[in-house]
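Work through the exercises below with the structure at hand. Try each task before you read its solution.

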Amino acid sequence: MANDTQFRTCPDTGLKIHLPAEKLIKTNAVVAVVFLLVGGLFGLSVALTRWPAVHFLPADWFYLALTAHGLDVLLVWIIFFEMAILYFASAILLGCRLAAPKLAWVGFWLMLVGAVMTNVVVLMGESSVMFTSYVPMQADPLFYLGIILFAVGALLCCCCFFGTLVIAKNEKTYEGSVPLVTFGAITAAIIAVFTIASGAIILIPTLMWSVGLVSYIDPLMYKVVWWAMGHSSQQINVSAHVAVWYLIAAVIFGAKPLSEKVSRTAFLLYILFLQLGSVHHLLVEPGLSSEYKIFNTSYAMYLAVLASMIHGLTVPGSIEAAQREKGFNKGLFEWLRKAPWGNPAFSGMFLSLVMFGFLGGITGVILGTEQINLIMHNTLYVPGHFHGTVVAGTTLAFMAVTYLLVPLIFRKEILFPKMAQWQPYVFAIGVTGLSVFMMGAGTLGVPRRHWDITFTDAAMSFDFPGAAYLMLGLNGVSAVVASLGGAMFIIVVVGSLLFGKTKGEAAPAPAAEAPPTTAAAQYGSAAHLEVPGTFALAMVFLVSFVLYYFVNWKYLAETWGLS
Amino acid sequence: MAISPPEQRIWWNEPIGRNEVLWIGIGLIWCIIMFFMMPYWHLEGQQNPPTEGYRISSDDYATKAEAAAAEYTVGTWGETDVPVVSPPPGSDIYMIARLWEWWPVFELQKGETYRLHLASLDWLHGFSLQPVNLNLQIHPGYEMVATITPTETGEFGIVCNEFCGIGHHLMLGKMIVVEK
């Protein structure tokens, strides 16, 4: 049993906070933000190189920066932050002590050593193999070793998370079922274990191949198994940022899920089907059957897509219900107009939700359609899509929740509140541009991971249309805006942590939000609120989805015959 | 709230709101439509990813491709020494992807169908026919067979869109399509 000196009670929320867990959350979050900064700078230099008028980096540095950018933001920033979320969703939300904090620290150090090792090896220049490191192209053995250490560390942290759930259950720190946000975090952690296992299956033999102990790694097999890690790791993000959406809605509005059953079933669909989808990256490969591709690419009949569509309704729906309960009942959208748009935690979360759906979600389904992939595979459309999911969706959601964590966990007041207020908008505008213009260039055929689409030094010549260059220029401008938004985030967060006023440990004030016993809405048909505004927005989403989906089939139908 | 345990312990018996039920129904129908579009296109559509593929050693593929090209070579491309090959319609044509070129240049006829074989001799490459924007992934050790029917004439570029090392952006090939 933990003794009470290891806990403090949060004066704002009444949450019981385990101090060792708090320290781990702080450290993981800070390291995450550092890697966001490093990875973001690499990303900016990549976008500036793609901007034809600037063409910032020489070729070898471009491929090096692109490799480092992928690793640092897609893997390191996000996973470190997710570990903080896992500890928060278990120890803090359940009011429980964290299982085996020492093990969690071992995990943390393994992750950090692995991340630094991989970065150093990439910077030394002999491992510019891209994030995907497809064989038979070979990186330095330490490149693979670094990623393996990082993954093992993350696995240990997941173990501490699961252990904490067991302790909370045994010590009865909560009643009934775990909160929905914790349920979402469990989903993320289960997918993480699958992801890490897949990574081990492929990267350990690849490490042995790179030191000469294994003679041959089949390139197709490598891709199939690597993407069971690579794609699933993005599904950890989806589960985690959806959980964060629910978290922010609950903290700011006291919002309750419209229906626990629906929201939890949607998370369950993630667990069951979201790990499929690795073949999204193998739709135009030799040697795979169409039956397998169709089953895998559609997550078994798009049941995971259905789950995301459900969250897309229930998250804003829960906000609408809470707002209507407070009296914002006029018309369809008063609840949304009168929402706290000046609070970066809310604006960031809502922008993340909308952009994830429209920019990341729709385009992902279309990109993952077996035949339509023919006109998009490996073009800039692909990074355009995943900047919509991972940057607009995950990163923006994580930034938003940081505005809640700084006062709650770090006990600091936000420095530069004006800058914080504008930050989500600046970042969102930049990322929207990034995503849209990359997809535009991809539709015009511009390849991804390509230093020079003018082919100046090539033996033959080919001219992309002028519009493609325009798109790349606008992409560069958007990257500058997004970087500005990222810099504002880092200035606010680091500034608050270093120089922000420490919040007083005043006597526990009454919780800002209604405690669960006097909840905003009751369940059951009598008190259940309908959410017409959210439903209308959802229909707008559906119509856009259907139109864009069939437009792309039309593009496909007009191209050369292929079978 | 979503950050506290459900108020009612038996939450799974609570009724679901009308909006939610309706949205789930609509969403499910849409998902099923999207799912069946893919098999439907295999039956009715003209553009489907090739499924024919064989394992082959790089040496064997190179020998086969060079022999096939030699038979129908009609010249070389510009100032390069890459042969221009004009194979008869309906035949098997063999393209090599290697660091950092697409070899050879094919001259095809509009509206005719060819069995285009593709394999890499070294690393992964991305066959990206521009501005048509048809994209295929090429592996070493695997021979892909794509049945291809050009529907427009002109000079087309073949860009590599899978990163293949420091010369990746130099890897450019050509395909010509002429009237019958």
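This is a predicted model: local features need pLDDT of at least 70, side-chain atom pairs count only at pLDDT 80 or more; totals for chains, interfaces and linings use all residues.

Local features need pLDDT of at least 70, side-chain atom pairs count only at pLDDT 80 or more, and totals for chains, interfaces and linings use all residues. Residues are numbered from 1 along each chain as its sequence is written, and side-chain values use heavy atoms, with hydrogens and water left out.

**Exercise 1.** Find how α5(A) and α6(A) run relative to each other.

Solution. Take α5 (residues 180-210) and α6 (residues 219-253) of chain A. Their axes come within 8 Å and cross at roughly 165°. Angles over 145 degrees count as roughly antiparallel. The two helices are therefore roughly antiparallel to each other. Next, sort the contact by class: 21 residues are nonpolar, ten are polar and none is charged.

**Exercise 2.** Decide whether Gln234(A) is buried or exposed, and find what it touches.

Solution. Start with the location: Gln234(A) is in helix α6 of chain A. Its relative accessible area is 15%, so it is buried (under 20% is buried, over 50% exposed, partly exposed in between, with a 1.4 Å probe and protein chains only). Now the contacts (heavy atoms within 4.5 Å): not counting residues up to four places away in sequence, Gln234(A) touches Leu74(A) and Val390(A).

Methods: Chains are lettered from A and ligands numbered from 1 in the order in which they are written. Axes are lines fitted to C-alpha atoms, for helices over the stretch in contact, and angles run from 0 to 180 degrees between N-to-C directions. Helices (H or I, at least four residues) and strands (E, at least two) are DSSP runs, numbered from the N terminus. Angles under 35 degrees count as roughly parallel, over 145 as roughly antiparallel, 65 to 115 as roughly perpendicular and the rest as oblique. Ala, Val, Leu, Ile, Met, Phe, Trp, Tyr, Cys and Pro count as nonpolar, Asp, Glu, Lys and Arg as charged, and the others, Gly among them, as polar.
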